[in-house]
Structures are given as C-alpha cells and as structure tokens.
Amino acid sequence: MNAVLYDPEALLAEELPLDRAPMMALVDAMLARKDASGLRAGDCAQIALLLTGHARIVAAEVSRHVEALPADSELRPVAEQVLQEAERRLSVTSQTTLAHAQQRARLVRALYRSLDQLDKTRPGPSS
C-alpha cells in the first residue's frame, strides 16, 4: 500500500529523508505525458498532492542551504529566486488537472537543480 504525504505546512520536512530517485521518476513520467488518458479520476490530484508535499520538503532543504551561504555568495540571489517562485506556486490551491501535476513536477525539478548547485558549494567533511 502506498501512502501519499500531504504536509502543506512542511512540518515533517526535517524528519523525513528525501527519496529522490522515485520522485524524479514520477516527475519524468508526468512531464512525458501529452494528455491524461490512462489516468483514473483523481490520479492527477493525488500525484499533485504528492509532488506538492515533496516540493515543500525540498524547498525547506534549499532554504537551509541558502541560510548557510555567505551574504556575498553568487548563488544566494539565484537560490532565493527559486525559493520565491516555489512559494508563489505552492500558494496556489492544488488542482486535479494534468497541467497542474506537471507544473508541480517542473517545480520539484527546479528545486532539485537549485539544491544540487548549493550542494556543490558546501565544504565536504573534514578528515
């Protein structure tokens, strides 16, 4: 049985590990769709909710990385812009359309790109 995480306030963000591979597989599958044929009623709504919850968790992680950046970091304004766009998009009530699920999928992808950029700049563990 699969459970859909619905955490609109991202209260669990610091408690759950990011399960990136299956989420990115879902993102890719949603973005490859040309139409909603083959999806049962409510599938797009459930997928959008899952992607919304995951986007909130990734956005919280990006935000933590941004807070750790030096004030003069070149990555700070770019990451802050991604976070502002995420906040704007996530403030929209979830819908039941394929287009909305795809919009959430694009948001998850953009957040992971930002997180990857920020991870590249973090110092590794010292030996």
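I began with His-100, which sits in helix 4 (residues 98-121); helices here are DSSP runs of H or I with at least four residues, numbered from the N terminus. This is a predicted model, so I noted that local features need pLDDT of at least 70 and side-chain atom pairs pLDDT 80 or more, while totals for chains, interfaces and linings use all residues. Residues are numbered from 1 along each chain as its sequence is written, and side-chain values use heavy atoms, leaving out hydrogens and water.

I found His-100 buried, at 6% relative accessible area (buried is under 20%, exposed over 50%, partly exposed in between, with a 1.4 Å probe and protein chains only). Beyond its neighbours within four places in sequence, His-100 contacts Ala-48, Thr-93, Ser-94 and Gln-95 (contact means heavy atoms within 4.5 Å).

Next I checked the salt bridges, each a side-chain nitrogen of Lys or Arg within 4 Å of a carboxyl oxygen of Asp or Glu. The count by this rule is seven.

I looked at Glu-61 and Arg-64, whose closest N and O atoms are 2.7 Å apart. They are three residues apart in helix 2 (residues 43-68), so about one helical turn separates them. Glu-61 is partly exposed at 22%, and Arg-64 is partly exposed at 29%.

I then turned to Glu-85, which bridges to Arg-89 with closest N and O atoms 2.9 Å apart. Both lie in helix 3, four residues apart. Shared partners join Glu-85, Arg-88 and Arg-89 into one salt-bridge network.

Note on methods. Helices (H or I, at least four residues) and strands (E, at least two) are DSSP runs, numbered from the N terminus.
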